[in-house]
Every structure is written in C-alpha cells, then in structure tokens.
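Dear colleague,

My notes on what was found in it follow directly after.

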Amino acid sequence: MSATQKPSLRGGGLMRLKGLVRKEFLQIVRDPSSIAIAFVMPIFLLVLFGYGVSLDADHVPVALVAEAPSPDTADFFASLESSHYFAPLHARTLAAAEQALREGRVNAIVHLRANFAEQLRRSDGAPIQVIVNGVDANTARLTQGYIEGAWGNWLARRTASQGQELATPVQLEQRVWFNSELRSRNYLVPGLVAIIMTLIGTLLTALVMAREWERGTLEALLVTPASMTEILLGKIIAYFVLGTGGMLLTVGLAVGLFEVPLRGAFWLLWACASLFLLAALGMGLAISAVARNQFVAGQVAIIGTFLPAFLLSGFIFDIDSMPTVVQGITHVIVARYFVSIVQTLFLAGDVWSVVLPNAFALLLMAAIFLGITWRKSRKRLE
Amino acid sequence: MLIRLLALIHKEFLALLKDPRSRMVLIVPPMIQLLVFGYAATFDLKDISYALYNEDRGAASRELVAAFDGAPAFHRVATLHAEGEVAPLVDKRAVLVVLRIGPRFSADLQSRGSASVQVIVDGRNSNTALIALNYVRAIVDGFNREWIAAHGLPAPPARLETRAWFNPNLESRWFFIPGIIGMLTLVTTMLVTALTVAREREQGTFDQLLVTPLRPGEILLGKALPGFIVGMVQGTAILLIATLWFKVPLLGSLPALYAGLALFLLSGVGAGLLISSLAVTQQQGLLGAFLFMVPAVILSGFATPIANMPTVVQTITLIDPLRYFLVILRKVFLEGAGFDVLMGQFWPMAVIGGVSLILASWLFRHRLY
C-alpha cells in the first residue's frame with residue numbers, strides 16, 4: 001500500500017477491520033475448541049482447583065504411643081485428641097507406630113516413655129518424643145506446629161490446675177493483615193485467576209498465525225487490500241473479546257463461588273486484566289509467528305506457558321526466597337506481574353505502589369510480544 | 001511385520017526430530033526447566049524482609065532485636081519511629097513482617113515476668129505468612145528459653161524433642177525436586193504424543209496410514225514408542241541432574257524407580273494419544289493436552305497435599321497417573337523404598353495406561369472425518 005493511497009482509504013480501513021474481525025469470529029464459532037478455551041476451561045479449572053487446592057491441613061493422622069499408660073499420659077493425649085487438627089491413632093508399641101509412619105498411615109508419632117509420669121515431677125521435666133515424616137517438609141512443619149500448640153495448651157492447663165503460673169516471658173501477639181484467618185483459598189484463588197488467564201490468552205492465539213501460514217490463507221489475505229497490521233489487529237480484537245468473557249467469568253466465580261473478598265476497585269482489576277490479556281494474547285501470537293508451524297507452536301505453548309506461570313509467578317513459591325539468577329528469570333514471566341496485582345487488588349485494596357509498576361511491566365511485555373509478532377510476520381512478506 | 005513397525009517408528013522419529021526447532025523444544029527446555037524450577041520451588045524462606053518499630057529503650061528489647069537481626073532468614077530493611085509508617089510499608093510489600101515492641105516491654109518483663117510483642121504479617125500469601133510466623137515463633141521461643149534459664153525461673157514440666165525422619169533438616173527442596181521430575185516427564189510425553197495424530201488428521205496423512213497394511217495396534221505402537229523412548233532418555237537425564245547437581249539423596253531401589261517411570265510413561269503416552277485421537281485439529285489437541293496436564297499437575301499432590309483436598313476431589317485424583325508417580329519418586333528418593341512398598345502405586349498406572357491405549361487404538365479407526 002503506497003503512502004498516497006492511505007488517506008483515501010481511511011474509511012475503508014475501518015470497514016476492512018470489521019470484516020477481518022468478523023472472519024475471525026466465524027472461525028472461532030466453527031471450531032468450538034476456542035470457545036471451550038475461553039469459557040469451559042476457566043470454569044472447569046477454577047471449580048476443580050478452588051475446591052481441590054488447599055494448604056490448610058487438618059485431621060493429620062498421628063500415632064500416639066504411651067509405654068506405660070497412666071492418668072498423666074491420658075491427660076496429655078486428650079489435648080491432641082480434642083483438636084480437629086489431628087486424627088489420632090493409638091499404637092501399643094513404638095515399633096508399631098514406626099511401621100505405620102513408614103507405610104504412610106500416619107504423618108507423625110508422639111511417644112511418651114515408661115517413666116513419663118515420674119519425670120514430670122522432677123525439676124528438669126519430662127521429654128516428649130515427636131517423630132514427623134519429613135518428606136513433605138511443609139506439612140511436617142505444620143504438623144510440628146500443631147503439636148507444639150497442643151503441648152502449649154496442655155502445659156498452661158496443667159500448671160493452672162496446680163495453682164502455679166507457667167513462665168512465658170515474651171508472648172507473641174500476631175496480626176495477619178489482609179487475610180486474618182489465614183485461609184489459603186483467599187490467596188490461591190486470585191493466583192489461579194492469573195494462571196488460568198495466562199492459559200486462556202496464550203492458547204487462544206498460539207496456533208492462530210501458524211495455522212494461517214501452514215494453510216496458505218495468510219498469503220490469500222495479503223493479496224487483499226488489508227495490511228498486516230490490520231490482519232493482526234483483527235485477530236487481537238476478536239480474541240480479546242473472547243478472552244475478556246473468560247476473564248469476567250473467572251473473576252465472577254472467584255468472588256461469587258469462593259467468597260474471596262474483592263477489596264480493590266473492580267474497574268482497576270478490569271483495566272489490569274485487560275493489559276494482562278493483551279500481553280498473554282501477544283505471547284501466543286509471538287509463539288505462533290516465530291514457529292510458523294502449528295506442531296512446533298503447540299509444543300512451545302505446552303512447555304512455555306503452564307509450568308513457568310505455575311512455578312515462577314509467585315503464585316505458590318515466594319519469589320524473594322529464590323536465588324538472584326532465578327529471580328531475574330521470573331521477570332520475563334508475564335503472570336508474575338498479574339499475580340502480584342490480583343493478590344493485592346483482591347485482598348489488600350487499591351495499593352497504587354504495587355499496581356502501577358506491575359501494570360507498566362504488563363504494558364511493556366504486551367508491546368514487546370506484539371512487536372515481535374508484527375516484525376516476524378512482516379519479514380516473511382518481504 | 002517387525003520391519004513394517006520399524007519403518008513406522010523410523011517415520012515417527014523423523015516427523016518428531018527433523019524440524020530443528022522441534023528438536024530444540026524437545027531436548028533443551030526440560031533440562032533448563034529442572035535447573036530453574038529446582039531452585040524456585042521451595043517453601044523455605046531465605047530472605048524475610050522485616051521492619052522494626054521499637055518504642056522501648058530497655059536492655060531486654062535490645063536482646064530480642066539482636067535475636068532477630070542475628071537470624072539468617074531475617075533481614076531488617078527499615079527501622080520505624082511512628083505508628084503511621086507501618087501501613088504504607090506493608091501495603092507496598094516492602095516488608096513481610098513488622099516487629100513492634102511497646103514502650104513498656106523491658107519494664108513489664110522485669111517487674112511482672114512477662115511482656116508481649118506484636119508481629120504484623122502480610123497475609124496476601126497466607127502460606128508464606130504462616131511460615132514467616134513459624135520462624136518468628138522459633139526466635140521468640142529461643143529467647144524465652146534463655147531468659148528462663150538466665151533468671152532461674154521454673155522450667156516447664158515437659159518438653160518436646162522433635163525429629164524428622166527421611167528429611168532431617170526439613171528441606172522442602174528435597175520434596176519438590178522429585179515432584180518436578182514427574183511434572184517434566186509428563187510435559188514431555190504430552191509434547192510428543194498429544195499433537196501427532198491430530199497433525200496427521202489435519203494434513204490428511206492419517207487416512208493414508210490407515211489404508212496401508214498396518215493394523216491399528218501397530219499404528220498405535222508406532223505412535224507410542226517414540227514418546228516412550230524420548231521420555232526414558234529425558235527421565236534419565238533429569239534424574240542425573242537431580243542427584244548430581246541438586247544432591248537429592250537417592251536411597252531406594254533404582255529398578256523400582258525405572259519400573260515406575262516406565263509405567264508412568266505408558267499412562268502418559270496413553271493419555272496423550274487418546275487426546276490426540278479424539279482431536280480433529282491441532283488446536284483441539286492442544287486444548288486437550290492442557291485440560292489433561294493442568295489438572296494432572298495441580299491435583300497430583302505436587303504442591304498441595306492430596307490429604308487436604310475434599311473427599312470428592314480426592315476420588316478424582318485416583319485417575320491421575322502423576323499422583324502415583326510422585327509417591328514412587330518421593331518414596332524411592334527419600335524413604336529408600338523398593339518394589340514391596342510400591343505395588344499399590346504400580347498397578348493403577350498400568351490400568352490407566354492400558355485403558356487409554358486401547359481406547360486410542362479403537363478411536364483410530366472409528367473416528368474418521
């Protein structure tokens with residue numbers, strides 16, 4: 001298209017764009033998998049994970065062993081039995097309990113020796129042996145914490161009943177902001193919104209450009225007056241509309257079904273999600289334009305989207321605890337910025353000092369990905 | 001027949017490896033991903049940024065602060081002098097923890113024998129918050145023990161002596177790296193299998209394959225073996241990285257681990273081919289791959305234990321092959337397990353693999369467009 005023609009075609013440009021968007025929508029409707037990606041996948045994944053994923057352990061199976069049962073041992077065990085954190089299992093001998101731990105039937109053993117009652121009355125106190133299965137270190141720590149809690153309650157009760165006071169010089173008063181009951185769903189569900197949106201955005205577009213190259217339909221489009229920019233714009237608009245539908249659905253489910261509080265402004269969430277969607281769609285288009293072959297594009301999408309977004313976005317693993325090099329790598333993960341934004345907007349509210357830098361990063365990523373797509377597509381033309 | 005089959009396998013490998021980009025995608029990323037994810041996946045906090053707001057001038061508060069500053073996991077980034085400084089710092093995630101010591105801390109501790117300190121934690125990531133709170137509690141407990149000993153206060157009548165089996169230092173990396181091996185193997189089988197049949201359908205070459213003398217079972221074998229072989233080679237490579245680079249102890253039986261890997265590859269390849277034979281276009285194959293892979297990872301017990309899931313979801317996890325493979329990996333690596341303990345994990349994967357492969361080969365013939 002030469003420069004002299006441009007002004008006269010401006011009105012036609014809009015019409016061409018409308019035509020291109022219409023073409024994309026027709027293609028979307030004819031292969032129902034795009035609609036499934038935008039609407040079925042988010043519902044399916046969010047419901048499954050919203051209910052399925054939890055880091056809050058209760059009814060932890062624990063073996064209780066008293067070598068010489070006595071009122072004292074029963075009194076101590078009662079503090080574990082009355083807690084909903086434990087599913088206690090009484091074992092006769094330590095060997096039986098160890099066997100249960102090895103077979104995975106219990107996560108921990110609480111063992112009181114034969115002289116427990118006697119040692120309790122000595123000045124240096126009685127040891128209580130606790131063995132936890134350390135394979136799942138996080139659950140092991142939680143279990144350990146629960147046992148310490150039960151032990152602390154028992155100590156307080158016992159000393160109080162004897163008219164003494166338990167020496168605890170410094171007492172902790174803990175305040176957990178933004179999620180006072182420490183419900184893991186409140187932080188996992190917003191994170192899942194980000195992960196699911198990454199998948200929607202990328203999957204919608206990952207094969208789109210490659211498919212047109214492979215089938216030769218892109219060349220067919222290029223002999224029409226439509227420019228490459230218009231063709232790309234047509235695709236972005238169509239999939240953006242589809243992705244926005246998916247996004248509204250996931251946010252609606254998070255708030256409506258999982259009762260995650262949305263403390264920030266909805267319009268801000270919408271704006272950030274749109275930026276994120278643009279970046280995710282851009283990533284899909286870039287994969288597609290670089291690979292130019294559906295098979296390879298599909299492979300790159302499988303490798304490059306889900307696991308990095310899942311592990312490196314701060315969704316479950318704390319980015320600050322990663323080595324510096326890996327922290328650097330997380331900066332190229334689009335989901336990272338959006339996870340930070342959604343966790344803040346859902347639980348803390350409109351904190352501009354978090355939202356603005358991350359939103360800017362999303363804008364930059366979107367520009368980079370779309371730029372790559374545009375360059376790669378144009379190059380092929382020349 | 002064997003020659004026919006060999007020719008087919010040869011063709012599948014060519015289709016998989018002739019494109020240099022495809023070759024790259026298959027070999028390099030899993031290694032890099034294991035290295036990166038191996039470092040990323042840990043629940044151990046190494047750098048808890050905290051702010052101190054100390055209104056007390058006494059010696060006791062200085063001792064407590066020294067305990068925090070001396071802890072390797074804590075890193076003081078701010079010292080506050082007014083209440084109003086707390087909220088902005090926490091809001092913008094500059095600190096995870098704020099330690100607040102009131103003006104009467106030392107005086108209370110001396111006169112009444114007890115005083116309280118306030119800890120504010122950012123709960124946006126509730127798991128990180130819980131872990132940070134545990135760290136704080138451990139420091140305060142240590143402080144208390146020393147204070148009790150130094151001031152001749154009565155010790156509690158009983159104390160806990162905790163030991164952790166299989167992972168004495170509770171390193172969460174030892175838990176996650178075997179899990180990552182399982183996830184990457186799953187990704188590889190999906191890469192090789194999920195799009196193959198769909199691609200041939202789209203290009204029309206699958207119909208040609210069906211009119212050759214090859215029986216559907218042979219076509220299936222030809223499609224399954226490359227995934228199996230690539231998975232084995234790559235599984236071996238990442239096992240080496242896990243043991244030699246990350247030094248995760250491999251205590252159990254290696255044959256049991258490989259038997260587990262083989263059965264897991266069987267079930268993964270089966271699922272991938274089933275998806276592929278259901279899909280008419282590669283777009284559908286890709287969607288299917290994700291609809292299988294994402295739940296398979298999240299419901300496998302990789303990061304969140306299956307025991308914490310509701311009963312219905314726990315039942316769903318029974319058809320997730322990764323669930324069984326993760327148990328095998330962790331038990332063989334850390335608990336030193338052999339065949340005897342793992343039988344309960346082997347047969348479900350064999351069933352999942354067998355059923356999905358049979359379904360896939362049936363679909364080869366019966367789903368023609």
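Over all chains of this predicted model, a search of the whole structure finds 28 salt bridges. Among them is a pair within chain A, where the side chains of Glu230(A) and Arg16(A) meet at 3.0 Å, N to O. Glu230(A) belongs to helix H10 (residues 228-256) of chain A and Arg16(A) to helix H1 (residues 10-30) of chain A, so that this pair ties together parts lying 214 residues apart in sequence.

Across the interface of chain B and chain A, the rule finds two salt bridges. The side chains of Asp44(B) and Arg141(A) meet in a salt bridge, with 3.4 Å from N to O. As a general point, side chains of opposite charge can pair when their charged atoms come close. Polar contacts were also searched for across the interface of chain B and chain A, and 35 residue pairs are found in such contact, with both residues at pLDDT 80 or more. Helix H6 (residues 126-150) of chain B supplies the largest share of the side of chain B that touches chain A, namely 14 residues. Sorted by class, that side of chain B has 68 nonpolar, 24 polar and 20 charged residues.

As to the extent of the interface, 112 residues of chain B are in contact with 112 residues of chain A, and the two chains bury about 10200 Å² between them, with 67% of it on carbon and sulfur atoms. Within chain B, the residues that lose the most area to chain A are Arg124(B), Trp165(B) and Gln283(B), which together account for 8% of what that side buries.

The two chains are also joined through their strands: strand E4 (residues 126-133) of chain A and strand E5 (residues 158-165) of chain B run parallel and are joined by eight bridges. Within this pairing, Ile128(A) has Leu160(B) as its bridge partner in E5(B).

Finally, on the domains, chain A is divided into domain 1 (14-53 + 183-381) and domain 2 (60-161), and the centres of these two domains of chain A, taken over C-alpha atoms, are separated by 49 Å. Chain B is likewise divided into domain 1 (2-41 + 171-366) and domain 2 (48-150), and for chain B the separation between the domain centres, again taken over C-alpha atoms, is 47 Å.

With kind regards

Notes
Residues numbered from 1 in each chain as written. Chains lettered and ligands numbered in written order. Predicted model: local features only at pLDDT ≥ 70, side-chain atom pairs only at ≥ 80, totals over all residues. Heavy atoms only, no water. Contact = heavy atoms within 4.5 Å. Buried area = accessible area lost by both parts, 1.4 Å probe. Salt bridge = Lys/Arg side-chain N within 4 Å of Asp/Glu carboxyl O. Polar contact = N/O pair within 3.5 Å; in protein donor to acceptor, adjacent residues only side chain to side chain. Helix = DSSP H or I, 4+ residues; strand = E, 2+ residues; numbered from the N terminus. Nonpolar A, V, L, I, M, F, W, Y, C, P; charged D, E, K, R; others polar. Pairing = 2+ DSSP bridges. Domains from an automatic or database assignment.
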